[in-house]
Amino acid sequence: MIDLSQQKLELNYPCDWVYKVIGTSDKEVRDAISEIMFEREHDLNLSNRSSKGKFISFTLKTVVHNENDRVDLFKLLSEHSKVIRVL
């Protein structure tokens, strides 16, 4: 088996990047993403709803310009009070 834990992800920037954003309210998650992405170009699509409707997920696609940009967006999304998880 190949151990990939020590491998560094090599990306050629700028590149398209996709985040999966999970929350509990359609409107709240959309508002959070709008707040974070502001005027930055992005595509946001409803991805899934949990069987009991408690959770909702979105696919957020945008262009990241470098590793710091990619990581900073992940942190901003993850730390927002209306977002439960970002993948």
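Reply: A definition comes first: two strands pair if DSSP finds at least two bridges between them. By that rule S1 and S4 pair in the antiparallel sense, with two bridges. One of the residues involved is Ile-22, whose bridge partner in S4 is Arg-85. Please keep in mind that this is a predicted model.

Me: Which residue in S3 is the bridge partner of Ile-22?

Reply: In S3 the bridge partner of Ile-22 is Ser-57.

Me: How many bridges hold S1 and S3 together?

Reply: Strand S1, residues 15–23, and strand S3, residues 56–64, are joined by nine bridges and are antiparallel. Tyr-19 has Leu-60 as its bridge partner in S3, and Asp-16 stands opposite Val-63 of S3.

Me: And in what order do the strands of the sheet lie?

Reply: The order is S2-S3-S1-S4, in an open sheet of four strands with antiparallel pairing. Strand S2 (42–49) and strand S4 (85–86) are the edge strands, each pairing on one side only. Helix H1, residues 26–37, packs on this sheet and touches S1, S2 and S3. The direction of H1 makes about 15° with that of S3.

Me: What joins S2 to S3?

Reply: Seven bridges join these two antiparallel strands. Within that pairing, His-42 stands opposite Thr-62 in S3. The hairpin of S2 and S3 has six residues between the strands, and Gly-53 there takes a positive phi near 80°.

Me: Back to Ser-57 for a moment. Is Ser-57 buried or exposed?

Reply: Ser-57, in strand S3, has a relative accessible area of 10%, and since buried means under 20%, it counts as buried. Leaving out residues up to four places away in sequence, Ser-57 touches Lys-20, Val-21 and Ile-22, and also Asn-45, Leu-46, Ser-47 and Asn-48.

Me: Now the helices. What does Asp-26 touch?

Reply: Asp-26 lies in helix H1. Neighbours within four places in sequence aside, Asp-26 is in contact with Arg-49, Ile-56 and Phe-58. Its relative accessible area is 25%, so Asp-26 is partly exposed. The C-alpha atoms of Asp-26 and Leu-46 are separated by 8.6 Å, although the two residues are 20 apart along the chain.

Me: How many residues does H2 have, and how far does H2 reach?

Reply: Helix H2 covers residues 67–79, which makes 13 residues. From its first C-alpha to its last H2 reaches 18 Å, close to the 18 Å expected at 1.5 Å a residue.

Me: Which residues of H2 are buried?

Reply: Asp-69, Arg-70, Leu-73 and Leu-77 are buried in H2. Viewed down the axis of H2, the buried residues fall within an arc of 100°, so they line one face of the helix. They pack against S1, H1, S3 and S4.

Me: What about the face of H2 turned away from the buried side?

Reply: That face carries the exposed residues Asn-68 and Glu-79.

Me: Which residue caps the N-terminal end of H2?

Reply: Asn-66 caps that end of H2, with a side-chain oxygen 3.1 Å from the backbone nitrogen of Asn-68.

Me: Where is His-80?

Reply: His-80 is in the loop between H2 and S4. Its relative accessibility is 14%, so His-80 counts as buried. The side chain of His-80 reaches the backbone nitrogen of Lys-82 at 3.0 Å. Residues up to four places away in sequence not counted, His-80 touches Ala-32, Glu-35 and Ile-36.

Me: One last topic, the backbone. What kind of peptide bond joins Tyr-13 and Pro-14?

Reply: Tyr-13 and Pro-14 are joined by a cis peptide bond, with omega about -10°. Pro-14 is in the segment before S1. As background, most peptide bonds are trans, and most residues other than glycine have a negative phi.

Me: What is the phi of Phe-38, then?

Reply: The phi of Phe-38 is near 45°, a positive value in a residue other than glycine. Phe-38 is in the loop between H1 and S2, and at 64% relative accessibility Phe-38 counts as exposed.

Technical notes. Residues are numbered from 1 along each chain as its sequence is written. This is a predicted model: local features need pLDDT of at least 70, side-chain atom pairs count only at pLDDT 80 or more; totals for chains, interfaces and linings use all residues. Side-chain values use heavy atoms; hydrogens and water are left out. Contact means heavy atoms within 4.5 Å. Axes are lines fitted to C-alpha atoms, for helices over the stretch in contact, and angles run from 0 to 180 degrees between N-to-C directions. The expected span of a helix is 1.5 Å times one less than its number of residues. Buried means under 20% relative accessible area, exposed over 50%, partly exposed in between (1.4 Å probe, protein chains only). The arc is that of the directions from the helix axis to the C-beta atoms. A polar contact is a pair of N or O atoms within 3.5 Å; within protein, one must be able to donate a hydrogen and the other to accept it, and residues adjacent in sequence count only if both atoms are side-chain atoms.
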